[in-house]
Structures are given as structure tokens and as C-alpha cells.
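Here are my notes on the side-chain packing and charge pairs. Please read them with the coordinates open.

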Amino acid sequence: MALFLPTVAVDKVTDITPELIRAMHARALILDVDNTLAIHGSPTPFEGTVEWTRHMRENGISIIIMSNNSKKRVEPFAAKYDLPFLSLSLKPIPLGYFRAIRKMGVKRSEAVVVGDQVFTDVIGSNLSFMKSILLVPTGKEKSFSFKIRRGLEKPIRYIIKATGRGKKYFS
């Protein structure tokens with residue numbers, strides 16, 4: 001079961017603070033795009049997320065965007081945030097995560113993966129021996145495969161909520 005559990009769970013990316021990242025003994029974030037920084041497929045960032053990334057960087061947190069999406073989707077989106085990016089990262093395979101930390105110049109122990117999916121973001125971070133923050137998905141994906149994955153995530157999210165996963169970092 002540990003493979004499916006994040007280090008921390010919060011509602012949205014802007015709930016993550018520099019203090020939380022420091023409490024996790026980290027200094028870098030690997031951010032997903034869809035349902036993390038914008039509604040799935042949308043070119044418009046969630047309100048406040050551009051400012052949030054600026055605030056995090058001003059507080060010494062390195063950030064990279066990493067997505068399974070194509071360069072055509074990710075590059076213009078990353079430009080809005082003035083952030084480096086990796087596209088077609090093949091999450092949850094660890095290779096993309098290792099490329100991200102190498103590009104940021106940090107160790108695995110110093111990186112936190114942030115995303116909304118258990119079966120890509122959380123499993124990938126655990127396979128890569130990195131910490132993770134799981135978000136509540138904001139939009140509703142329409143594809144059949146997403147509906148199946150979200151259904152399979154329900155019991156895992158229930159366990160996260162029942163165990164209060166992440167509260168230790170906020171006290």
C-alpha cells in the first residue's frame with residue numbers, strides 16, 4: 001500500500017507553502033500541469049498559481065514542470081510561469097523524475113513531486129524515492145481511462161483522509 005500513498009495531501013497547489021517544503025526537508029518542486037496548475041487541457045492557469053510559483057522561487061524553492069503531455073501543450077504553459085519543463089516524461093517511470101532533479105541540480109531527497117494522480121505522480125515519486133504531495137483534482141476529465149483511474153483512486157484517497165496524511169507537517 002505504501003507505493004500508493006503520498007507523503008502529504010492538500011487540496012490545491014497554492015496550499016503548499018515554503019514552510020511546508022522546508023518541513024519536508026526539501027528545496028525543489030516537480031509540478032504536474034493538468035489539474036495541478038490548470039484544468040485538464042486548458043491553456044489558462046488556475047488563479048493565483050503564477051504568483052504562487054514566483055513566491056516559492058523567491059523563498060529559495062526550485063521548480064520544474066514535468067508532464068506526460070506533448071511539448072506543444074507544456075512549453076507555452078511553462079512559458080507563462082517562466083519555468084523550465086520536461087514533456088513526454090512517461091510518468092510513473094522514474095527516468096523523467098531523475099531527469100528533472102538533474103536539471104534542477106538537487107538530490108532525490110531534496111525534491112517533492114506535486115500532482116493530482118495517484119497512478120502517475122504518487123507512484124512515480126515513490127518509485128523514484130522522492131517525497132510527494134497529492135492534490136484534489138479540480139476538473140472532471142472526460143475520457144474512459146480517467147474515469148477508471150479516478151474510481152481506483154477512491155479507496156486510496158479515503159485512506160489518506162482517514163489517516164490524516166500530512167497533518168504532521170502543519171503542526
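1. Aromatic pairs. There are two aromatic pairs in this predicted model. The criterion is ring centres within 6.5 Å for Phe, Tyr and Trp (its six-membered ring); planes under 30 degrees apart are stacked, over 60 edge-to-face, and the rest tilted. Phe4 and Phe119 make an edge-to-face pair, with 5.9 Å centre to centre and 70 degrees between the planes. Phe4 belongs to the segment before strand 1 (8-9) and Phe119 to helix 5 (residues 118-127), so this pair ties together parts 115 residues apart in sequence. Helices (H or I, at least four residues) and strands (E, at least two) are DSSP runs, numbered from the N terminus. Phe4 is partly exposed at 27% relative accessibility. Phe119 is also partly exposed, at 22%. On this scale buried is under 20% relative accessible area, exposed is over 50%, and partly exposed lies in between (1.4 Å probe, protein chains only).

2. The tilted pair. Phe77 and Tyr81 form a tilted aromatic pair: 5.4 Å centre to centre, 35 degrees between the planes. Both sit in helix 3, four residues apart, and are therefore separated by about one helical turn. Phe77 and Tyr81 are buried. Arg73 lies over the face of Phe77, 5.1 Å from the ring centre. That label requires NZ of Lys or CZ of Arg within 6 Å of the ring centre and within 35 degrees of the ring normal.

3. Conventions. Residues are numbered from 1 along each chain as its sequence is written, and side-chain values use heavy atoms, with hydrogens and water left out. Because the model is predicted, local features need pLDDT of at least 70 and side-chain atom pairs count only at pLDDT 80 or more, while totals for chains, interfaces and linings use all residues.

4. Main core. Which residues touch the most other members of the largest nonpolar core? They are Ile16, Ile21, Leu29, Ile65, Val114 and Ile133, out of 29 residues. Two or more residues come from each of helix 1 (18-23), strand 2 (28-31), helix 2 (49-58), strand 3 (62-66), helix 3 (71-81) and strand 5 (111-115). Helix 3 gives the most, with four residues. A nonpolar core here is a set of buried Ala, Val, Leu, Ile, Met, Phe, Trp, Tyr and Cys residues joined through side-chain atoms within 4.5 Å. In soluble globular proteins, nonpolar side chains tend to be buried together.

5. Ile65 and the second core. Beyond four places in sequence, Ile65 is in contact (heavy atoms within 4.5 Å) with Leu31, Val33, Leu37, Val74, Ala78, Tyr81, Leu83, Pro84, Phe85 and Leu86. A separate second core has 13 residues, including Tyr97, Ala100, Ala111 and Met130.

6. Salt bridges. The model has six salt bridges, each a side-chain nitrogen of Lys or Arg within 4 Å of a carboxyl oxygen of Asp or Glu. One of them joins Lys12 and Asp15 at 3.3 Å, N to O. Lys12 is partly exposed at 45%, and Asp15 is partly exposed at 28%. Glu19 pairs with Arg22, their closest N and O atoms being 3.9 Å apart. These two lie in helix 1, three residues apart, about one turn of the helix. Arg22 is partly exposed at 40%.

7. A bridge between distant parts. Arg27 and Glu110 meet in a salt bridge at 3.1 Å, N to O. Arg27 is in the loop between helix 1 and strand 2, and Glu110 is in the loop between helix 4 (94-104) and strand 5, 83 residues apart. Elsewhere, salt bridges with shared partners join Asp32, Lys91 and Asp121 into one network.

8. Ser125. This residue is in helix 5 and is buried at 0% relative accessibility. The Ser125 side chain reaches the backbone oxygen of Val122 at 2.8 Å. Not counting residues up to four places away in sequence, Ser125 touches Tyr97, Val113, Met130, Lys131 and Ser132.

9. Phe46. Phe46 is in the loop between strand 2 and helix 2. Its C-alpha atom is 8.9 Å from that of Asn35, eleven residues away along the chain. Leaving aside neighbours within four places in sequence, Phe46 contacts Asn35, Thr36, Leu37, Ala38, Ile39, Tyr81 and Thr138.

Methods. Polar contact = N/O pair within 3.5 Å; in protein donor to acceptor, adjacent residues only side chain to side chain.
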